[in-house]
Amino acid sequence: MVGGLLLACSAPPISVYPSVHLAPDRQAILVIHSDRTTPSQLSIQSLPIESTLAPGLFYRPERFELVRVSPDGRYAAFSAAGHHNLIGLLDLATMAVREIDLLTEGDVVAFYWATDGRTLAYDYLPASGYRQMKGYDLEFGEGLIVPRTDRNSAIHVSFESWGARPHEVILCVVDERSKEHRAETVTLIPRR
């Protein structure tokens with residue numbers, strides 16, 4: 001007890017989840033597990049060059065752009081930029097990579113994990129300049145998209161938050177012509 005205050009000294013809890021970072025040169029994703037001193041790494045050169053989603057389509061990733069760990073610490077979503085942009089999942093236990101999307105134009109802007117770690121959403125900016133959103137269901141291994149509506153082409157659609165039901169998202173929709181902003185709740189559907 002010091003000056004009427006009880007001071008408790010204890011070590012901060014060590015996270016059981018790995019720490020994941022991009023290397024400064026963006027040529028690797030570094031994974032540091034709490035029980036190891038040497039990081040595991042996924043180098044840009046170790047990524048496949050042919051798409052598993054579109055066989056015959058090749059890409060040459062030049063650098064990692066974004067990485068975000070799932071809430072359960074099992075996966076890291078990443079984007080790798082080059083001629084085409086690879087969007088993948090890195091299994092942090094095995095360091096295995098799964099391709100979940102390939103953008104032939106545009107860049108990933110942000111990743112958003114559902115709190116249960118089963119669904120991933122991501123905003124991307126295609127060549128049109130109007131922000132869009134897609135998703136991925138880890139449990140079923142399928143890409144998800146925003147259902148088509150009667151929107152004009154000058155619309156930005158971006159993630160705002162997760163809804164109450166599976167695959168439900170609240171979008172921020174901005175009409176560039178009228179400058180109207182609105183929230184729209186949708187359920188992401190499988191990409192066919």
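Predicted model: local features only at pLDDT ≥ 70, side-chain atom pairs only at ≥ 80, totals over all residues.
Me: How should I read a sheet, and in what order do the strands of the open sheet stand here?

Reply: Strands of a sheet pair through backbone hydrogen bonds, and this pairing is either parallel or antiparallel. In this structure four strands form an open sheet in the order S4-S5-S6-S7, with antiparallel pairing. Averaged over the sheet and with direction ignored, neighbouring strands are turned by 20° against each other.

Me: Which strands stand at the edges of this sheet?

Reply: Strand S4 (63–69) and strand S7 (97–103) do, and because each has a single partner strand, one side of each is left without a neighbour in the sheet. The partner of S4 is strand S5 (residues 75–81), and the two pair in the antiparallel sense over six bridges; Arg 63, for instance, has Ala 81 of S5 as its bridge partner.

Me: What should I look for in a nonpolar core, and how many residues has the largest one?

Reply: In soluble globular proteins, nonpolar side chains tend to be buried together. The largest nonpolar core in this model has 16 residues, and those with the most contacts inside it include Ile 29, Val 31, Phe 64 and Phe 78. Strand S2 (28–32), S5 and strand S6 (85–91) are the elements that give two or more residues to this core, and S5 gives the most, with three residues. Val 31 also shows how chain segments meet, since leaving aside its neighbours within four places in sequence, its contacts include Pro 18, Pro 39, Leu 90 and Met 95.

Me: How do I read charged pairs, and how many salt bridges does a search of the whole structure find?

Reply: Side chains of opposite charge can pair when their charged atoms come close. The search finds nine salt bridges. One of them joins Glu 62 to Arg 63, with the closest N and O atoms 3.5 Å apart, and Glu 62, Arg 63 and Glu 65 are linked in a network of salt bridges.

Me: In the salt bridge between Arg 165 and Glu 168, is Glu 168 buried or exposed?

Reply: Glu 168, which lies in strand S13 (residues 168–175), has 10% relative accessibility and therefore counts as buried, whereas Arg 165 is exposed, with a relative accessible area of 52%. The closest N and O atoms of this salt bridge are 2.8 Å apart. Not counting residues up to four places away in sequence, Glu 168 touches Trp 162, Gly 163, Thr 185, Val 186 and Thr 187.

Notes:
Residues numbered from 1 in each chain as written. Heavy atoms only, no water. Contact = heavy atoms within 4.5 Å. Pairing = 2+ DSSP bridges. Axes fitted to C-alpha atoms, helices over the stretch in contact; angles between N-to-C directions. Core = buried A, V, L, I, M, F, W, Y, C linked by side-chain atoms within 4.5 Å. Buried < 20%, exposed > 50% of the residue type's maximum accessible area, 1.4 Å probe, protein only. Salt bridge = Lys/Arg side-chain N within 4 Å of Asp/Glu carboxyl O.
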